[in-house]
Amino acid sequence: TTMNVEHEISLLVEEIRRLGTKNADGQVSVKFGVLFADEKCANLFEALVGTLKAAKRRKIITYQGELLLQGVHDNVDIMLLQD
């Protein structure tokens, strides 16, 4: 349901803040690998990649590419667009 997606996105934003670092512009970003490997995230999100996609569609986060795969895209930065 939509409410679940919204809820998961807000949780995702919290986790990105927790695990990420701020750049010079004050934007928070985290590597996909860090997010994926985090135990709390693993327990929170049944479909992390799906939640990331939904958040990207809503312009809450951004990252390079369409689909993120563990291992292949561990170094991809996921950036928070809204604070």
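Analyst: Val72 is found in the loop that runs between β3 (61–62) and β4 (77–80); strands here are DSSP runs of E with at least two residues, and helices are runs of H or I with at least four, both numbered from the N terminus. The model is predicted, so local features need pLDDT of at least 70 and side-chain atom pairs count only at pLDDT 80 or more, while totals for chains, interfaces and linings use all residues. Residues are numbered from 1 along each chain as its sequence is written, and side-chain values use heavy atoms, with hydrogens and water left out.

Val72 counts as exposed because its relative accessibility is 61%; exposed means over 50% relative accessible area, buried under 20%, and partly exposed in between, with a 1.4 Å probe and protein chains only.

Two strands pair if DSSP finds at least two bridges between them. Strand β2 (residues 28–31) is joined to β4 in the antiparallel sense by 3 bridges, and Lys31 has Asp77 in β4 as its bridge partner.

Elsewhere, Ala54 belongs to helix α4 (residues 48–57) and is buried, with a relative accessible area of 5%. Between Ala54 and Val5 there are 7.5 Å in space, C-alpha to C-alpha, although the two are 49 residues apart in sequence.
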